[in-house]
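Hi everyone, thanks for coming along.

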Amino acid sequence: MGAGGSGRAPRVVVAGGSIGGLTAAHVLADAGCDVVVLERSPEPLTGRGAGIVLHPATVRWWRDHAVRPLDELGPRMTRLRYIDGDGAIAHEQPCRYRVSSFDALYRDLSGQLDDDRHRLGVAVAGFEMDEDGVTVALEGGGSERADLLVCADGIQSPARRRLLPDVDPRYAGYVAWRGTVVEHDLSEATLDALLGAITYHLMPHSHFLTYPIPGPDGSVDVGRRLTNWLWYRNVAAGAALDELMTDRAGVRRPVSLAPGAVASEPLDALRAAAAVQLPPPLHELLAATPEPFLQAVFDIDVPRMAFGHACLIGDAAFALRPHAAVGSAKAAEDAWTLGAAMRAANFEVPDALRRWEPGQLALGRAALARTRRAGDRAQHSGEWRVGEPLPWGLYETGDSALD
């Protein structure tokens, strides 16, 4: 094995240290590559995400390395429930999903990388490729030489802007308000309505969902878990969106506002709308959330993912609307298939990327089309009906099922 026949371990730089980048780092290191992750944030990324639906690709690293049993990673969900405007069960059916949280996944993935392999506070300033590899320039000076640059730098990817300057995120016309509440802070009536189920409530041009996730300390014990919720609300592009996405400091944020960053007027409007539009259990969830946060919903479709000695993975390539619940799974699948392609090509990077790209482009486009349809049916056309199975799945609906 070697890079370009040199006999040395291929050097890989991963730009971006979220779930996708860390998964890629582990997969490629296990394959025999010399990997370093560069993360712009000087602090660990804990506290920056909420619920994640697990998928076989997402948990493969945990299973391969016996990191921890899946029961410790997140609870099993065996019931899909729709509730009506009064909070009563309108429909219920069996399901087989397992849910977790960003923090639970991130802690394990980051915790098994040494500090010299996972460098916080190091941002990529740019990169130049030649026939032998890629030179990655760092903000503040210095550089890294690599055989492969894996760009896992998210929906606002600077790498994508450099490689594909004509590709821009496409706003879907709505935002996802989000929050979490510790289960023991909820009333008995609300727990009875929601506990142990993935719960949906459909409204005209809007929908709300909630499910339990591990607590702040990783606990999956009932009462210590968090209840994760999302409320999708339509917001017109232009002045209305600009006002909503302007934080408490007066800065217009392009994609998301973290807990504590949402301005007071939009928060007041959200709470007032919740009192009128949501069933009592869901209203209580929102009212019990000290600092709801939000993310504008975008999607991104790229014509290419491979560029000689660099590639795009996860949201840096295809940003999917959340309705198939496979954003992290798509990033993980990009990583696993990249590792397989590197092995198949004997670590000749351009050959590996040529092998890898067609399948990931096809997967990204198909998943993107399904998430667009699901979002449009729920938020715009109103076609989503009570009792429909969830559109969750990576390659097809239902393939996220986990026991």
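Predicted model: local features only at pLDDT ≥ 70, side-chain atom pairs only at ≥ 80, totals over all residues.

Let's start with helix α2, residues 56–65, and helix α4, residues 102–111. They pack at an angle of about 45 degrees, and their axes are 12 Å apart. The crossing of α2 over α4 is left-handed. Who makes the contact? On the α2 side you'll find Thr 58, Trp 61 and Trp 62, and on the α4 side Leu 105, Asp 108 and Leu 109. Sorted by class, the contact of α2 with α4 has four nonpolar residues, one polar and one charged.

Next, helix α8, residues 264–277, and its partner α9. Here the axes come within 9 Å and cross at roughly 160 degrees, so α8 and α9 are roughly antiparallel to each other. This crossing is left-handed too. From α8, the contact uses Leu 270, Arg 271, Ala 274 and Ala 275, while α9 brings His 283, Leu 286 and Ala 287. That gives five nonpolar residues, one polar and one charged in the contact of α8 with α9.

While we're on α9, have a look at Pro 280. Pro 280 sits in helix α9, which covers residues 280–287. Which residues does Pro 280 touch, leaving out those up to four places away in sequence? The answer is Gly 85, Asp 86 and Gly 87. If you'd like a sense of scale, take Ala 366: it is 86 residues from Pro 280 along the chain, and their C-alpha atoms are separated by 37 Å.

Is the crossing of α1 and α10 left-handed or right-handed? This one is right-handed. From α1 we have Ile 19, Gly 20, Thr 23, Ala 24, Val 27, Leu 28 and Asp 30, and from α10 the residues include Ala 331, Ala 332, Ala 335, Trp 336 and Met 342. By class, the contact of α1 with α10 divides into 10 nonpolar, four polar and two charged residues.

Now for the empty space. In general, rolling a probe the size of a water molecule over the atoms shows where such space is left. How many cavities of 30 Å³ or more does the count give? It comes to one. The largest cavity has a volume of about 60 Å³. Its lining is made by Glu 183, Leu 191, Leu 194, Leu 195, Gly 196, Ala 197, Thr 210, Tyr 211, Pro 212 and Thr 227. Both α6 (188–194) and β13 (206–213) supply at least two residues of that lining, and the largest share, three residues, comes from β13. The lining of the largest cavity has six nonpolar residues, three polar and one charged.

That's my tour, and I'm happy to take questions.

Technical notes. Residues numbered from 1 in each chain as written. Heavy atoms only, no water. Left-handed = near helix turned anticlockwise from the far one by under 90°. Helix = DSSP H or I, 4+ residues; strand = E, 2+ residues; numbered from the N terminus. Contact = heavy atoms within 4.5 Å. Nonpolar A, V, L, I, M, F, W, Y, C, P; charged D, E, K, R; others polar. 1 Å grid on protein atoms, 1.4 Å probe; cavity = no way out; pocket = protein on both sides within 12 Å on 5 of 7 lines; lining within 4 Å. Points joined across faces, edges and corners; volume = space filled by probe spheres on them. Axes fitted to C-alpha atoms, helices over the stretch in contact; angles between N-to-C directions. Parallel < 35°, antiparallel > 145°, perpendicular 65-115°, else oblique.
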